Amino acid sequence: MDAAPPPRDEWSTRAAFVVATIGSAVGLGNIWRFSYVVGENGGGAFLVAYLVAVIALGLPLMLAEFALGRRARADVVTAFSFEMKSRRWALAGWLAVIASLAILSYYAIVAGWAYRYFVIYLIGSPAGAGRVDAATHFTAFLHSSWEPVAWQLLVLATAVVAVIAGVRNGIERLNRWLVPLLAAIVVVLAAYSLTLGASRAGLGFLFTPDWSALARPQVWLAAFGQAFFSLGVGLGALATYGSYAPAPVGLPRTALLVAGADTSFALVAGVAIFPAVFAFGLDPTQGPALAFVTLPQVFAVMPGGAWFGLAFFALLSIAALTSAVALVEVPVAAVIKAKRWSRTRATLAIGTLAFVAGVPSALSDSAFAVLRPWGVNILEAIDRFSSNLLLPLGGLSVALAVGWAWPRERAVTSGGLASPSLAAAWWYALRFVVPAAIVAVLCWTALRH
Ligand code: TRP
């Protein structure tokens, strides 16, 4: 007979669960990705589509994923197959594990860029003193044959240390300190940005809806993709974190809090970024380079820019770290369960795998520059592949598992919505609205390629 497994770790309180989940949701997606996606998709109009996506798709899926993990009180692979007639549901769990690893492989690279810029501002040599220099500087860094790998390694090492320390002693403690710090930094930056004299233009860009943009399917697609990415649904992170929730826990309330915090965070980060960009006459529609090229140009000329830059890259680094930790924890929990490895061994193995898998992305403009699937470098290709395909597939499997494979009674009980009409609305959303929207997104993406 097998020895009894050690008792599972849990969050110490409900608040700790909420804070850790906010830490996983708030990441590069809210600052780096959100700001450039808003910039590319017409500002305010995009925001409307984004809010619709969060409420109609994000919230129902979040609650379903929490319910999945919480009911099984296990890793995502076990959670998918728990009480199911077919063991094949475990495959959906492994898909989530692979998707987490795929995202982690390049997420750690961009997080490494943030760490590097933080250190550069810390030692007082801000990247690119002049306006042209910032772009040259960033490109030179990306073309280095080793530097991005060194920063990637540092990111993974910090995440691995937290995950080895455990759910309560590592992940919970890290988030308890860093999430409030994140909130404080972003609020101060936004307040300062509003004093720079272009608050009208900056806020106008972010909040004035140009309704005609909503007629472009492209804007909706970008909004759905951004909502999935930013809330972190479909990768098993919510299922895994939900599985550590202590006994009486209000899952619907937690989902609302996390989605609300994640969205507010992105908006406040937008208030920190756009008025500053407009105040110095720069263009916010430059794509992924916004945070690493455009903003350093702003910091180079703005009063107190060295401090603003330091705080901004601290913000980006911390946000990325608490998300990377969740992306490590998903495969680690699955491997601990499937192979009965110790937490240390599983974490080191996953960390090594993520490192090796990420090296081509880290060197996507140098040693691996010849790899250009779909005409973009390998980092962007993996980003597109995971955000456009793996994430929606992950979300679809959650909706199908809870909305179709589970008996209605089980779904409603596990979701924990007190009002019967809300519970019914949630259940129908999972059965029809969410799968239909995801299939539409997948078809549209397939048609464009
Ligand atoms: N939500 C994270 C961000 O905005 C990225 C992310 C996507 C994520 N899926 C995740 C983080 C799963 C942790 C777990 O940056």
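This is a predicted model: local features need pLDDT of at least 70, side-chain atom pairs count only at pLDDT 80 or more; totals for chains, interfaces and linings use all residues.
Colleague: At what angle do helix α1 and helix α8 pack?

Modeller: Angles of 65 to 115 degrees count as roughly perpendicular. In this model, α1 (residues 14–25) and α8 (residues 167–193) pack at about 75°, and their axes are 9 Å apart. The two helices are therefore roughly perpendicular to each other.

Colleague: Which residues make the contact between α1 and α8?

Modeller: On the α1 side they are Ala 16, Val 19, Ala 20, Ile 22 and Gly 23, while α8 contributes Glu 172, Asn 175, Arg 176 and Val 179. Sorted by class, this contact of α1 with α8 comprises 5 nonpolar, 2 polar and 2 charged residues.

Colleague: Let us turn to the surface. Which residues form the nonpolar patch?

Modeller: The patch consists of Leu 400, Trp 404, Tyr 428, Phe 432 and Val 433, and together they have about 470 Å² of accessible area. Two elements, α16 (378–405) and α18 (420–448), each give two or more residues to the patch. Trp 404 lies in helix α16.

Colleague: Which element gives the most to the nonpolar patch?

Modeller: Helix α18 does, with 3 residues.

Colleague: Finally, how many salt bridges does the structure hold?

Modeller: Side chains of opposite charge can pair when their charged atoms come close. The structure holds 6 salt bridges. One of them joins Glu 83 and Arg 71, whose closest N and O atoms are 2.6 Å apart.

Colleague: Where do Glu 83 and Arg 71 lie in the chain?

Modeller: Glu 83 is in the loop between α4 (76–81) and α5, whereas Arg 71 is in helix α3 (residues 44–72). The pair links distant parts of the chain, 12 residues apart.

Technical notes:
Residues are numbered from 1 along each chain as its sequence is written. Side-chain values use heavy atoms; hydrogens and water are left out. Axes are lines fitted to C-alpha atoms, for helices over the stretch in contact, and angles run from 0 to 180 degrees between N-to-C directions. Helices (H or I, at least four residues) and strands (E, at least two) are DSSP runs, numbered from the N terminus. Angles under 35 degrees count as roughly parallel, over 145 as roughly antiparallel, 65 to 115 as roughly perpendicular and the rest as oblique. Contact means heavy atoms within 4.5 Å. Ala, Val, Leu, Ile, Met, Phe, Trp, Tyr, Cys and Pro count as nonpolar, Asp, Glu, Lys and Arg as charged, and the others, Gly among them, as polar. Patches are made of residues with over 30% relative accessible area and no salt bridge: like charges are joined within 9 Å, nonpolar side chains (Val, Leu, Ile, Met, Phe, Trp, Tyr) within 5 Å. Accessible areas come from the Shrake-Rupley method with a 1.4 Å probe; for residues, only the protein chains shown count as cover. A salt bridge is a side-chain nitrogen of Lys or Arg within 4 Å of a carboxyl oxygen of Asp or Glu.
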